Amino acid sequence: WPVPPYPIPMLVANLRLGTLWEIEAARRWAIQFPGPAALPAPDRVQLSREYRVPDWVDQAFRELMQSSLVSLTEDDVSKLGLRAYAALSKAKEVITTQRLRLATYPPDVIRMPCESHSRCIGAWQEAWWTKVAKHMLHPANPPSLSSIVSFVEKLDVKGMDAQCRQETIEQLRVSDRFNLEEQIITQAVEVIKAYQLTLVLEVCT
C-alpha cells in the first residue's frame, strides 16, 4: 500500500467507488487528502458534482473567476457543465458591468467647509479617471473591487482639500458598492451547490 502523497487517480477511484457503494469511510478518506483538491478548477467542479463534494466548489469557482472565459477549453466547459458555466458567465458579466460603472462615475465628493468645493470636485474627478479608473480597468490583471478603497486611500489627490478628501474616502469605506463582487461570487457558488443538491435528491428518490 503506497504512502502519502497518494496518486490522484487512486484518490479519485476511491471517491468514485465510495460514492457508488455508499461507503462513507472511503469517501472521507479520499476527500481528506489534497490531491483531488489540487486538480484544475474545472476538474474539481466536475468531481464535486459527480461525487457530492460541495466543499470543493467555492475555491474552484473563485479560481475560475480569476481567468477569462476564452481561456477555457471545450473540455473545460464540458467538465463544468451548463449550470456552472452559466453561473460563471453571469457572475463575470455582472461584475464587469459594475466595474465599468464605478470606473466611469466617480463617487460624489462630500461637501466640507473648504476654500473651493468645485476645485475639490475637479481634482477628485481627474484623479479618479486618470488613476483609479485606469487601475480598475487593467486588461490583464484587474484588481478585486474590494481592494479599490485601499488603493484610493493611498492616492495623492492634488488640489483637493485634505478634509474633503478624508470625508469622501470615509464615505467609500462605509459604502457597499465595492462589496458587490463578493456578494455575486457567493451567490453563484450557492446556486451551483443548490443545483448539485438537486442531483443528489434525484438519485435518492
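Predicted model: local features only at pLDDT ≥ 70, side-chain atom pairs only at ≥ 80, totals over all residues.
Colleague: Why is the pair of Trp124 and Trp128 called tilted?

Modeller: The ring planes of Trp124 and Trp128 stand at 40°. Planes under 30 degrees apart would count as stacked and those over 60 as edge-to-face, so the rest are tilted. The pair is therefore tilted, with the ring centres 5.7 Å apart; the limit for pairing is that centres lie within 6.5 Å.

Colleague: Where do Trp124 and Trp128 lie?

Modeller: Both belong to helix 7 (residues 117-136), where they are four residues apart, about one turn of the helix.

Colleague: What makes Trp124 buried, and what makes Trp128 buried?

Modeller: Buried means under 20% relative accessible area. Trp124 has a relative accessible area of 1%, so Trp124 is buried. Trp128 likewise counts as buried because its relative accessibility is 1%.

Colleague: Why is Lys79 called buried?

Modeller: The relative accessible area of Lys79 is 17%, and the cut-off is under 20%; Lys79 therefore counts as buried. Lys79 is placed in helix 6. Leaving aside residues up to four places away in sequence, Lys79 touches Pro42, Asp43, Gln46 and Arg49.

Colleague: In which helix is confidence lowest, and in which is it highest?

Modeller: Confidence is lowest in helix 3 (residues 34-37), at a mean of 70, and highest in helix 6 (residues 74-104), at 97. The chain has an average pLDDT of 91, and 95% of the residues score at least 70.

Terms used: Residues numbered from 1 in each chain as written. Heavy atoms only, no water. Phe/Tyr/Trp six-rings, centres within 6.5 Å; stacked < 30°, edge-to-face > 60°. Helix = DSSP H or I, 4+ residues; strand = E, 2+ residues; numbered from the N terminus. Buried < 20%, exposed > 50% of the residue type's maximum accessible area, 1.4 Å probe, protein only. pLDDT = per-residue confidence, 0-100. Contact = heavy atoms within 4.5 Å.
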